[in-house]
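Hi,

Here is the structure for your set. My notes follow below it.

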Amino acid sequence: MQIVIIGSGNVAYHMAKAFVQNNISLAQIFGRNENELNKISEELNIPYSTNFLVDADLYIICVSDNSVESVSQLITNKNALVAHTSGSLPKEVLAGEYRKASLYPLQTFSKSKELDYSNIPFFIETENEADTKILFEIVSKISKNVMESTHEKRKYIHLTAVFACNFVNHLFSRAKEISDSQEIPFNYFLPLIDETVQKIHEIEPKSAQTGPAVRNDKRILELHEQLLKDESLEIYKTMNHSIQKMYEL
């Protein structure tokens with residue numbers, strides 16, 4: 001099967017790397033950013049192009065949500081299976097007469113961070129059972145966690161991921177601002193962060209909650225508020241209000 005990955009960003013890089021590591025041949029990686037494409041090509045030994053899209057059986061579009069529709073118009077092979085990797089877009093956003101699908105990897109991707117692809121959940125949606133089988137057979141060589149998902153359910157999967165990953169990472173950034181302001185090395189907090197994440201592998205998040213809000217320690221809450229201002233203060237108040245509402249305090 002001739003497979004092409006379209007894109008040059010974090011998702012495209014890791015998808016290409018996952019394929020190569022699992023001996024799934026890629027005919028091409030295609031995109032606009034020649035510098036990034038060249039880096040991927042040299043590392044993974046994949047042909048690349050910025051202007052000529054080769055004919056393929058399967059195209060995997062790994063670009064920003066805003067670009068999926070326009071990029072999908074470049075594919076003219078009506079016999080091809082085309083899948084995007086967006087967590088929020090329907091497969092119908094693909095603008096062509098080919099067979100349409102979505103292939104959503106549930107993970108946060110950075111080019112500089114190694115990943116164990118075998119643990120990444122992949123969610124598949126296609127137009128027919130035959131195409132579901134094709135994607136299952138391919139992706140099952142990469143990951144042990146592959147399942148079907150409707151677009152409606154995938155929207156909630158993506159929303160959950162934003163809360164569990166993007167929002168949490170933003171809180172890490174805000175926490176580092178506070179520690180930096182007092183010249184406290186942020187790496188001192190890494191054991192706490194690691195334990196917090198590891199704990200929810202064994203305990204339900206709601207049961208694992210600690211801190212002044214769940215204890216309803218008003219003295220500490222007021223003290224902390226005096227130390228904060230602007231966005232960090234608003235985040236602190238909002239988070240504590242949400243915690244206390246969850247525990248009916």
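How many bridges join β4 to strand β5 (residues 81–84)? The count is 4, and the two strands run parallel. Strands here are DSSP E runs of at least two residues, helices are H or I runs of at least four, and both are numbered from the N terminus. Two strands pair if DSSP finds at least two bridges between them.

Two notes on the source. This is a predicted model, where local features need pLDDT of at least 70, side-chain atom pairs count only at pLDDT 80 or more, and totals for chains, interfaces and linings use all residues. Residues are numbered from 1 along each chain as its sequence is written, and side-chain values use heavy atoms, without hydrogens and water.

**Around β4**
- Strand β1 (residues 3–6) is joined to β4 by 4 bridges, also in parallel.
- In β5, L58 is partnered by L81.
- From β4 the chain passes through helix α3 (residues 65–72) to β5, a right-handed β-α-β crossover. Right-handed means clockwise from the first strand over the helix to the second, with the strands pointing away from the viewer.
- L58 and I60 point one way from β4 (residues 58–61), Y59 and I61 the other. All are buried (under 20% relative accessible area, 1.4 Å probe, protein chains only).

**K100**
- K100 sits in strand β6 (residues 99–105).
- Its side chain reaches the backbone oxygen of L94 at 2.9 Å.
- Contacts of K100 (heavy atoms within 4.5 Å) include L81, E125 and E127, leaving out residues up to four places away in sequence.

Best wishes

Key: A polar contact is a pair of N or O atoms within 3.5 Å; within protein, one must be able to donate a hydrogen and the other to accept it, and residues adjacent in sequence count only if both atoms are side-chain atoms. Buried means under 20% relative accessible area, exposed over 50%, partly exposed in between (1.4 Å probe, protein chains only).
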